[in-house]
Amino acid sequence: MLGCSDLTVAYGDIVALHGVTLQVRAGETVALIGANGAGKTTLLQTISGLNKVRGGHISFDGSPLDSLSCERRVRLGIAHAPEGRRIFPGLTVEENLVLATSPWRPPGGRYGDEIAQVFELFPRLKERRRQLGWSLSGGEQQMLAIGRALMARPRLLLLDEPSLGLAPRLAEEVYERVGRIRRSGLTILVVEQNTVLALAVADRGYVLETGRVVLEGAAAELKRDPRVREAYLGR
Amino acid sequence: MRSLLGVAALLIVGLALSLIVSEYTLRLLNLAVVAAVAVVGLNFAFGYAGLISLGHAAFVGLGAYVLAILTTKLGWSPWLAAVPAVIGTGLAAAVLGYPLLRLKGHYLALATLGLNVSFGIVATNWIDLTGGTNGIANIPGLTIAGHELSGERPFLWFGLAVLAALALIAAVIHRSRYGRAMMAVRDDETAAAMTGINVTRMRVAAFTLSALYAAVAGCLFATHIHFISPDDFSYAHSITHLAMLIVGGEATIAGAILGAVLLTFLPEWLRVLGDAYLAFFGLMTLAILIFLPTGIVGLATRWVRRPAPPQADAAIGAEEASRP
């Protein structure tokens, strides 16, 4: 479904990704793990169209994405719940969600089914639907960011560090929901520093180090891999 | 519903005032209504889309000059001349917007300020067309069904009706998907793009809408005063428009109108201060920015409803620090 081949991205002179090749097949959940600064967020942002590609290609459903703007990629079905949530603080929870329907919804069109699904997944958002974004707790903001991405009717969901800054119990709660989204059949690419959580939910994983893929394989294998255990699982 | 009530209140208060106040106050009310139309427009750019424009008066002036030239040089009726005045100003804003709105924050403020200064230079020096510093006199007034809106009172009624209609349209846009999209762009443009919003197009749309309202204000101004000159549209007026919006309460239509009325009357009420008025005005604006960041309207709603947001992007900024 998604393919990155030999992708190179740089910020000025600093090369953030050195020829990354990665595949996400329809229906699977892929985890991208690695330390701070490994280039995980850069890769997701590049798939979303926020970064210029210096070399290599990205394709989605077999057609090239390289020349498409960010909002065109959302229209094709790539939705991104960004690092740091980036919800709209001056809009209510409901407005944040409804806004994300604009890629597919004609003026006056309905969005009742989509919002009901998000509220079923995250009942807390329903309780807070009239509250402004800034007044939510960190966990609620993360739920809103994921909910907002789901409102875009995605076929590929990009999640960037959904556990960032959350208490362990909240992070587990968020991942429990990610698991439910996965079981609904949606294809997911999740970036995460919390390797335990990410590998528990994923089918396959890639390990990124200083802009290069150093290891890839089934999530279960990665969990057993001595290098991963030593570097990321602390055992 | 709330906006309908608000507009009804505006019309009732305006009509009641129009029957009891002096001719001089009526004239000030008219100026306040014209300013309110311009500031409700500026609210699209600054309040919703977060674009700092210091060139709003140039669009008021463009509308006024097109109407004045078409009526005095070509003998068009002011009604007819208002159509190209408003549409032409909107087009100018859209064409200027595409390159200009790539800039942000201070840079955009400076660029729009430059736009306003350039407008003044053109209006002053293109003497054949604009009359230079002598301006354009004898602009005909509006007539409705054979009755000229000659006095201050009939003009105020007309101006109030225009303001009420434009405020309602603004309220509808505010609540529509386009209003939400503009505010999303203001809050976080990267996240807005990730949500599938065409950021550039929303910005240009907000800027163009604000210019359309400005042009209507310019047409009202020209047909009310019957005389325009470059001084009427200097950048100082743009700064006043921005101050009106901030004092009243940015991102609210009621705030735009309240601010326009207050800052039109304040210099009159404080005439005793003489030249010290500017110092007072500066201190007052400073005090409002510090103690009432959401303006007069914010003060009212703070008591009635939810608390005002703190520095909205602080929470996000804190997490930016941990980017890889």
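I am working on a predicted model.

**Entry 1: Asn138(B)**

I looked up Asn138(B) with that cut-off in hand. I find 9 other C-beta atoms within 10 Å of Asn138(B), so this residue is exposed. Asn138(B) sits in the loop between helix 6 (127-130) and strand 1 (143-144) of chain B. I then read its backbone. Phi of Asn138(B) is positive, near 60°, and the residue is not a glycine.

**Entry 2: Asp61(A)**

I turned to another positive phi. Asp61(A) has a phi of about 55°, although it is not a glycine. I place Asp61(A) in the loop between strand 4 (55-60) and strand 5 (63-64) of chain A. Buried, exposed or partly exposed? I get 13 other C-beta atoms within 10 Å, so Asp61(A) is partly exposed.

**Entry 3: helix 7 of chain A**

I checked the length. Helix 7 (residues 168-183) has 16 residues, which should span 22 Å at 1.5 Å a residue. Its end C-alpha atoms are 23 Å apart, and that agrees.

Next I asked which residues of helix 7 of chain A are buried. I list Ala171(A), Val174(A), Tyr175(A), Val178(A) and Ile181(A). Seen down the helix axis, the buried residues fall within an arc of 105°, so they line one face of helix 7 of chain A. They pack against helix 6 (138-151), strand 7 (156-160), strand 8 (187-192) and helix 8 (195-201) of chain A.

Gly185(A) follows helix 7 of chain A, and its phi is positive, near 100°.

**Entry 4: Leu258(B)**

I located Leu258(B) in helix 12 (residues 253-269) of chain B. Leu258(B) has 22 other C-beta atoms within 10 Å, so it is buried. I left aside its neighbours within four places in sequence. Leu258(B) is then in contact with Gly248(B), Ile296(B) and Val297(B). I also took a C-alpha distance. Leu258(B) and Glu268(B) are 10 residues apart along the chain, and their C-alpha atoms are separated by 16 Å.

**Entry 5: the contact of chains A and B**

I counted both sides. Chain A gives 32 residues to the contact and chain B gives 24 residues. On the chain B side, helix 8 (177-187), helix 9 (189-194) and helix 15 (314-320) each give two or more residues. Helix 8 of chain B gives the most, with six residues. I sorted the chain B side by class: 12 nonpolar, four polar and eight charged residues.

How values were computed: Residues are numbered from 1 along each chain as its sequence is written. Chains are lettered from A and ligands numbered from 1 in the order in which they are written. This is a predicted model: local features need pLDDT of at least 70, side-chain atom pairs count only at pLDDT 80 or more; totals for chains, interfaces and linings use all residues. Two residues are in contact if their C-beta atoms, placed from the backbone, lie within 7 Å. Helices (H or I, at least four residues) and strands (E, at least two) are DSSP runs, numbered from the N terminus. Ala, Val, Leu, Ile, Met, Phe, Trp, Tyr, Cys and Pro count as nonpolar, Asp, Glu, Lys and Arg as charged, and the others, Gly among them, as polar. A residue is buried if 20 or more other C-beta atoms lie within 10 Å of its own, exposed if 12 or fewer, and partly exposed in between; C-beta atoms are placed from the backbone. The expected span of a helix is 1.5 Å times one less than its number of residues. The arc is that of the directions from the helix axis to the C-beta atoms.
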